[in-house]
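Hello,

Here is the structure I said I would pass on. My notes on the backbone follow below it.

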There are 2 protein chains.
Amino acid sequence: MIDFSVDKKIWVPWMRRSIQLALLAEGRTSPNPLVGAIVLDSIGRLVGEGYHTGAGNAHAEIEALNQAGEKSIDGTIVVTLEPCCHQGLTPPCTEAIIKAGLKRVVIGMVDPDPRVSGNGISRLKDSGLDVIEGVLKKECEEINREFIFRVRNGRPWGILKWAMSLDGRIGLLNGSSKWITGVTARDSVHQIRSRCDAVIVGGGTVRADNPLLTSRGKSEIEPLRVVFSRTLDLPLSAKLWDTKIAKTLIAYGPEGDEAFFSDLPSGPERLRLNSDDPSELLISLSEKGCNKILWECGPLLATSAIEAECVQEVAVFIAPKLLGGISSMSPLNNFGFESINSTYKLQHSLLERKGEDLCWSLLI
Amino acid sequence: MIDFSVDKKIWVPWMRRSIQLALLAEGRTSPNPLVGAIVLDSIGRLVGEGYHTGAGNAHAEIEALNQAGEKSIDGTIVVTLEPCCHQGLTPPCTEAIIKAGLKRVVIGMVDPDPRVSGNGISRLKDSGLDVIEGVLKKECEEINREFIFRVRNGRPWGILKWAMSLDGRIGLLNGSSKWITGVTARDSVHQIRSRCDAVIVGGGTVRADNPLLTSRGKSEIEPLRVVFSRTLDLPLSAKLWDTKIAKTLIAYGPEGDEAFFSDLPSGPERLRLNSDDPSELLISLSEKGCNKILWECGPLLATSAIEAECVQEVAVFIAPKLLGGISSMSPLNNFGFESINSTYKLQHSLLERKGEDLCWSLLI
């Protein structure tokens, strides 16, 4: 007979289902992680499913337990992340699990949040529950890569995106860059935005491109649009200043001339920083609840973001076009490398054809 | 009952076999095309196979007929290209076919060579043979794309290859470019060379990289190594001047200072051109029997080769590295485009991962 307490494999299919449930809220739970849970009754029948739909809403465990009701007595809960044991926006899940009369808790990964981090598991064990840890741990960590990164580093996971021609150009000499990539690739950028909590550009991009920076409705909550400007030398009229569709934050360093705000519409939020260091901006965004941000900036800001370790992933769109130009715009500025061996080496993550274009995602 | 004269489909498997045979000599037949042939006896049994192994050697039809011997009487020959009807380095194949007593000739494509171009087919029909044309025509044209291009345009098919970082750089500011791509990608460049009749670089590449430019033995006949130098301002010592492994041709325009040759080893061949136009070089290489050449040059020559329509295909190797650098070396020089709509748009041909790197091949 299978010993359900020892053989982790038996729980793998149920953990997969919990992961599927967790992913239903992709891009909507920040600063919280994605969490999914299922409840089985005492003889192993599925009696409850749930997932966390967003900060302030019920946790996955509560959703699943509510669905199961009394059927959870002597049952099992399979949850992707260690249940919380602290009072946050909602009460601790450990207490609800204990109260529900379950006999077993199967957990994908330990919650890296220092308020939990094993304490949830201890609380459950101390209450006499059978706790099985680490089922599909890698997969459970994978879906919350950005949350884990933010909890551990105090900064959101950064993605840098650029679109270039086959000969590595992001625009012509005259600044023209619309459109290097095709409709499918641009649609895919909207998709990436929809899974990010904020999109950051520099002042140069606002001046040159006057972008909208939304997911074009692909996300219920549009990402926060952030303009990171050193000097606040920004146009008074820009699509980003209209905050009806999506919020805008104007972040600026000590050199920013605040007189700019006097004639600006009141929609955009302001954030004064103590430096021009991209890390400082990201710490602020982390505090605002961002797990994952997208850099859609020009070469200068992109380069300083990489140098400040504010980029963990790059998504490069490559169009089958030749633009030419020794002095045409390039994706990145000087790093000052003297040897190819000292350059940044990235790790392949995903390569996809997007219409006529390629999208290559890599980890730094 | 199947009418073998009318139903082309019946010949498709045999034409596929002929194509397979033709490809056995890939990269070795220039200026001649790749040709494969099979002979079936009067009741349809395979009795002969042959392919053209190189200029001056027997044609595919002759190889296959020799193997079949008397079994070819009342039989069928299936050949990828229209049999020749003129005396070249070898006698006309049409006469050998007629003499062999075959009753049917199945042909993939008409020979674009103006000396043949339908005349071979007429000669066979006039002799009472049943001729079936156009079986797997597209595939037969495909394997001889470069030959067909050269016959129609008087210039070899040009491939431009470059290797760059993810941010579109072919070298650092200090000129360092060894090695942007990994071993697998470099091996793949040797493979491309092995299928080309010549490899062309400019003087700058000789001065900066002192390349060897061989297929590293991947081809029985190493491609001709061509240095295209405007001024003949070349180093007196270079790997290319040693012609024991592979031939070298130094081509130069009217400004070339021929004094350079006085101290040079006698191995390299010389070619004085009337202009710096890459087309003139390619016409000369076509006359030397090149069907397919590879541009492995720097941005200046690459750009003028593209502008002179001397590039039909590009093979771009992209390494997962970030080099940076506003003034780092780029694959191409200025084309003077004013709008993205007027830039070169290429057609996807093949995308492959080569170790850690990508290789994207496209048609211009």
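B:N210 is exposed, with 12 other C-beta atoms within 10 Å. The phi of B:N210 is positive, near 40 degrees, and the residue is not a glycine. B:N210 sits in the loop between α8 (203–209) and β8 (224–229) of chain B. Helices are DSSP runs of H or I with at least four residues, strands are runs of E with at least two, and both are numbered from the N terminus.

This is a predicted model, in which local features need pLDDT of at least 70 and side-chain atom pairs count only at pLDDT 80 or more, while totals for chains, interfaces and linings use all residues. Residues are numbered from 1 along each chain as its sequence is written, and chains are lettered from A and ligands numbered from 1 in the order in which they are written.

In chain A, A:R216 also has a positive phi, about 55 degrees, without being a glycine. Its loop runs between α8 (203–209) and β8 (224–229) of chain A. A:R216 counts as partly exposed, having 15 C-beta neighbours inside 10 Å.

Then the cis peptide bonds. One joins A:K178 to A:W179, with omega near -15 degrees; A:W179 lies in the loop between β6 (157–165) and α7 (183–194) of chain A. Another joins B:S30 to B:P31, with omega near 5 degrees, and B:P31 belongs to the loop between α1 (12–23) and β1 (36–40) of chain B.

Regards

Conventions: Buried ≥ 20, exposed ≤ 12 C-beta atoms within 10 Å, placed from the backbone.
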